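Here are my notes on this one, point by point. Have the structure open while you read.

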Amino acid sequence: MKDFIKTTFATVLGLIIFSVVAFLLSVFIFVGMVTSSDTEVKVKPDSVFHLVLDGELAERAPDNPFSMFSSDLGGSTMGLDDVLSSIKKAKDDENIAGIYIEAGQLTASYASLEEIRNAISDFKDSGKFVVAYSDIYSQGLYYLASVADKVYMNPSGSLDWKGISAQTVFFKDLLDKVGVKMQIFKVGTYKSAVEPFMAMEMSDANREQVREYVGSVWASMLGEVSEARNIPVDSLDALADGGRLMVDADYCVAAGMVDSLSYKNDMTEVLAAMLGLDEDEEPEMLALSDMKNVKRAVPKDKSGNIVAVYYAGGDIVDDGETGIVSVKMIDDIKKLRKDDDVKAVVLRVNSPGGSAFGSEQIWKEIADLKAEKPVVVSMGDYAASGGYYISCNANYIFAQSMTLTGSIGIFGMMPDGKALADRLGVAIETVNTNRYSDYGSVYRPMNDGEAALTQSSVADGYDLFLKRCAAGRMMSVADIDKIAQGRVWTGTMAKEIGLVDEIGGLDDAVDKAVELAGIESYTLLSYPGRKSVLDDFYSAFSYVKASPSLSLEGVVESFKDAYEGKVSLQARLPFYLELK
């Protein structure tokens with residue numbers, strides 16, 4: 001009884017302390033927000049947009065109240081939308097003379113870097129300058145920086161130019177040791193998401209597709225860097241094989257990859273000289289946070305027309321709080337469909353896929369939307385499997401050359417934990433009323449009837465996926481099947497085979513939507529709305545969860561969580577696929 005009282009008191013006291021701390025932090029965050037946000041920044045003549053590329057790049061950066069306390073809680077997230085918008089504003093603002101790119105350690109996929117690079121290339125059309133600097137260039141950020149007029153690097157720096165690799169982690173042997181066997185059901189020769197659970201190496205088909213799309217991404221990079229730096233593609237390939245760029249700064253200059261070596265502190269003088277300032281003058285620098293609060297020099301639209309950009313990012317799930325939650329997205333799209341002011345919708349998809357059921361429900365709502373107003377898709381880093389499913393019925397589809405898309409296929413998985421139960425000395429007794437009453441039990445292997453039902457369900461899901469793609473792309477089911485089979489394509493490859501219409505970014509998609517809607521004036525609005533600061537504050541604690549029990553049930557539940565507690569049909573990219 002004494003221990004119970006102590007435990008109860010400690011729990012209550014902990015809740016009180018947490019509530020007080022939460023309240024004080026909420027007040028602190030609110031005051032900071034009121035005093036610092038949405039304050040218009042006035043741009044002085046001869047200003048420079050100082051674009052520091054560091055942290056993590058996301059489609060849309062949340063307002064994170066914890067960034068001031070700990071970067072571990074995601075405090076250094078950059079929004080791709082903010083970067084692109086700021087570059088566009090810098091181009092249009094006559095007081096901004098150029099962009100100074102400072103390449104740090106930015107975690108970003110190649111397609112997003114391509115979109116930023118294209119925006120900077122468009123900025124250069126204004127006649128303004130672009131200068132890039134880094135202590136150490138990662139390969140991706142060098143690719144981005146190569147579009148600059150001048151590329152600088154630290155005298156002790158290096159350039160990580162080595163080609164692209166794709167890595168997949170396999171853990172079948174680990175599962176065997178634990179005593180868990182994954183029962184696999186799939187359709188698609190190239191549908192390799194299940195391979196880590198059933199093998200310890202790539203299949204020939206998977207290796208073929210990975211080799212081809214990695215080669216396609218590398219070819220795109222080589223071509224663009226070659227054009228920007230006036231270095232032959234063969235020479236760039238040889239430089240990657242040589243490895244010397246990673247250890248010799250002087251060689252980076254001699255090879256033509258870098259224009260000059262400079263220390264970071266001296267870059268202020270470089271910029272001042274480009275602006276024609278006196279020796280004692282320093283250039284006026286505007287950070288991304290400043291540019292977000294610079295008003296864009298465009299006349300205010302009075303037409304009442306809206307072009308909606310709907311951001312659909314993350315795994316597709318049937319329900320939940322994160323990713324593309326199908327029930328929420330369906331409701332959002334329905335509202336856009338019923339809003340007479342919304343004349344067209346741009347669907348910005350950045351998803352490796354997920355629930356096949358959720359993807360089909362979203363597809364239906366997109367089909368209803370398309371029947372009333374134009375729908376244009378802009379693909380980000382990924383629009384694959386379920387991500388392609390929800391995209392395929394649009395009026396027009398844009399992708400970046402390095403976007404990973406396609407992966408038209410379906411799979412299902414279910415763990416069999418019998419060996420683990422036996423190893424732990426756990427016995428399971430079941431009483432059924434009917435033949436399939438305990439279908440989906442994780443404590444035993446499936447019988448032949450259950451396996452046949454599951455495979456049939458997977459096959460039906462694949463057939464429906466093919467029909468949706470065929471109808472959307474105005475191709476035959478047979479022709480879609482030839483380029484489906486779970487195969488992943490880059491945007492460049494996808495355009496050649498008809499899965500996308502054009503290589504381009506979000507701005508291109510907006511222009512197309514405006515054209516299809518037949519309007520001249522419009523206001524561009526983004527959906528869904530960003531989370532409030534206080535929402536982010538409370539959700540920031542959601543990662544603190546109790547560890548699953550180290551029992552058979554706990555181990556199996558970790559697998560069941562991933563597949564929603566049943567044989568959930570999945571349409572997604574391979575797991576743990578990482579391009580470096």
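1. Start with E365 and R337, both of which are buried. This is a predicted model, and in it the two side chains form a salt bridge, with 3.3 Å from N to O. E365 sits in helix α13 (residues 356-370) and R337 in helix α12 (residues 326-338), so the pair links distant parts of the chain, 28 residues apart.

2. While we're on charged pairs, there is also a network: E40, K42 and K295 are joined by salt bridges that share partners. Over the whole structure, the search turns up 28 salt bridges.

3. Next, have a look at E224 and R117. Their side chains meet in a salt bridge at 3.2 Å, N to O. The partners come from distant parts of the chain, 107 residues apart: E224 belongs to helix α7 (residues 204-229) and R117 to helix α3 (residues 110-124). Buried or exposed, these two? Both E224 and R117 are buried.

4. Helix α7 turns up again with E208, whose partner R487 lies in the loop between α17 (477-483) and β19 (488-490). The salt bridge between the R487 and E208 side chains is 3.5 Å, N to O, and it links distant parts of the chain, 279 residues apart. Here the two ends get separate labels. R487 counts as buried because its relative accessibility is 9%, under the 20% cut-off. E208 has a relative accessible area of 28%, so it is partly exposed.

5. How many cavities of 30 Å³ or more does the count give? The count comes to one, and the largest cavity has a volume of about 30 Å³. Its lining is made up of E59, L80, D81, L84, Y311, R348 and L506. By class, that is four nonpolar and three charged residues, with no polar ones. Helix α2 (residues 80-92) gives the most to this lining, with three residues.

6. Last, a spot on the outside. L424, V426 and I428 make a nonpolar surface patch, and together they have about 230 Å² of accessible area. L424 is in helix α15 (residues 418-424). Why does L424 count as partly exposed? Its relative accessible area is 48%, and partly exposed covers the range between the buried cut-off of 20% and the exposed cut-off of 50%.

Terms used. Residues are numbered from 1 along each chain as its sequence is written. This is a predicted model: local features need pLDDT of at least 70, side-chain atom pairs count only at pLDDT 80 or more; totals for chains, interfaces and linings use all residues. Side-chain values use heavy atoms; hydrogens and water are left out. Patches are made of residues with over 30% relative accessible area and no salt bridge: like charges are joined within 9 Å, nonpolar side chains (Val, Leu, Ile, Met, Phe, Trp, Tyr) within 5 Å. Accessible areas come from the Shrake-Rupley method with a 1.4 Å probe; for residues, only the protein chains shown count as cover. A salt bridge is a side-chain nitrogen of Lys or Arg within 4 Å of a carboxyl oxygen of Asp or Glu. Helices (H or I, at least four residues) and strands (E, at least two) are DSSP runs, numbered from the N terminus. Buried means under 20% relative accessible area, exposed over 50%, partly exposed in between (1.4 Å probe, protein chains only). On a 1 Å grid over the protein atoms alone, a cavity is a set of points where a 1.4 Å probe fits but cannot get out, and a pocket is an open set with protein on both sides within 12 Å along at least five of seven lines; lining residues have an atom within 4 Å of a point. Grid points are joined across faces, edges and corners, and a volume is the space filled by probe spheres set on the points. Ala, Val, Leu, Ile, Met, Phe, Trp, Tyr, Cys and Pro count as nonpolar, Asp, Glu, Lys and Arg as charged, and the others, Gly among them, as polar.
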